[in-house]
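I opened the model to look up its fold, its confidence and its cores. My notes follow in the order I took them.

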Amino acid sequence: MRGFWLLVAALIGGVLVWQGRPWLEQRAAPPIEVVPRAITPAGDLAADEKATIELFERSKGSVVFITTTQLVRDFWSRNLFSVPRGAGSGFVWDNDGHIITNNHVVQGASEAKVRLNDGRDYSAKLVGASPAHDIAVLRISVPDRQPAALPIGTSADLKVGQKVFAIGNPFGLDWSLTTGVVSALDRSLPAEDGRTIIEHLIQTDAAINPGNSGGPLLDSSGRLIGINTAIFSPSGAYAGVGFAMPVDTVNRVAPQLIAKGKYTRPVLGISTDEQLNQLIAKQLGVKGVAVLNIEAGSPAEAAGLRAARRAPDGGIVPGDIITAIDGKAVDNVARLINRLDEHKVGDTITLTVQREGKPAELKAVLKEGA
């Protein structure tokens, strides 16, 4: 028994010695002077890094942070309260204080505030909006140090693979820069009005998240080439697929919003119906838009378009089926509206129609819609 306890004591002693050894060594060793590590000298930044930094520094002052509020009436007291509604991005369009953003950023808001990159805040007035294009124009009054407008590029000559840069306020993290490339061109998405299609969208893998909406998409020269508009993501966050409204569309729509407060589409002066259109197109075996009615004095009437008519037996005799505008295919009503929207009031367009089973071409001069 005595041997057992001697063994236990020896084990305990060994453990104590082992555990206390570092402390004994530290006490016995001379003190060590602890200093920060020496910094390794940095090499020169790569050329593309310098270019990206310069682009951001040059452009960030033209990008704004937009917050919106909405008036809500208390159920019990009937008092009105202003509650936060959302946030987004925008950019300076001109030297008159006009700010471009997405319509969905400000839609339904009772008040919008714009914060500049230098921290100044201004109340914004809604000048005009086009839900069909998801574009809105705000205006702020800046007494001095007016922020510069972004230089405007073109989206007609973009190439898949070229670099793009997005600046915005994702999740409220202001003035964030993301980079990527043009992933694809001429993408289409349904507009918020549910009646039209937004076409010619730029697809990019530059990170676009909630809060980026309305911010600029820039090319490597710092020119505006699009408005960051939408993301494709099951989770609602970045998934590598973002969409931007092309600047050529913005440059066509924004001046009208500034001048008239609304966007007026060029029209032919015809009546259409998508459901009837699908039935007629299926019956005739042709893809296009059936002309159901023609307004008196309209471009369609002047061009000689023929509308559908009632047959003696009560059926419908198809009129002209519009299959293309200026050689670009038209296969449904939304596509027809977008083909017309690519033109201005007063433009002459070439209509390709199917008439009594044979193709024909007509010229029409577009007029301003109601």
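I took helices (H or I, at least four residues) and strands (E, at least two) as DSSP runs, numbered from the N terminus. By that count I find seven helices and 23 strands in the protein.

Ground rules next. This is a predicted model, in which local features need pLDDT of at least 70 and side-chain atom pairs count only at pLDDT 80 or more, while totals for chains, interfaces and linings use all residues. Residues are numbered from 1 along each chain as its sequence is written, and side-chain values use heavy atoms, with hydrogens and water left out.

Confidence. I checked pLDDT, the predictor's confidence in each residue, from 0 to 100. The protein averages 84, and 84% of the residues score at least 70. Where pLDDT is low, the predicted coordinates should not be read in detail.

Burial. I call a residue buried under 20% relative accessible area, exposed over 50% and partly exposed in between (1.4 Å probe, protein chains only). Of the 370 residues, 42% count as buried.

Contacts. A contact means heavy atoms within 4.5 Å. Of the contacts between residues at least 6 apart in sequence, 60% join residues at least 24 apart.

Cores. A nonpolar core is a set of buried Ala, Val, Leu, Ile, Met, Phe, Trp, Tyr and Cys residues joined through side-chain atoms within 4.5 Å. Which residues have the most contacts inside the largest nonpolar core? In this core of 27 residues they are Phe 91, Trp 93, Ile 100, Ile 135, Ile 227, Met 245 and Val 250. Elements that each supply at least two of its residues include helix 2 (47-59), strand 1 (63-73) and strand 12 (242-246). Helix 4 gives the most to this core, with five residues. I then listed the partners of Val 250: not counting residues up to four places away in sequence, Val 250 touches Trp 93, Ile 100, Ile 135, Ile 227, Met 245 and Pro 255.

Apart from that core lies another, of 20 residues, among them Leu 268, Leu 336, Val 353 and Leu 362. I followed Val 353, which lies in strand 21 (residues 348-355). Val 353 counts as buried because its relative accessibility is 0%. Leaving aside neighbours within four places in sequence, its contacts include Leu 305, Ile 321, Ile 322, Pro 359 and Leu 362. The C-alpha atoms of Val 353 and Ala 290, 63 residues apart along the chain, are separated by 9.3 Å.

Last, Leu 276. I found Leu 276 in helix 5 (residues 274-284); at 34% relative accessibility, Leu 276 counts as partly exposed.
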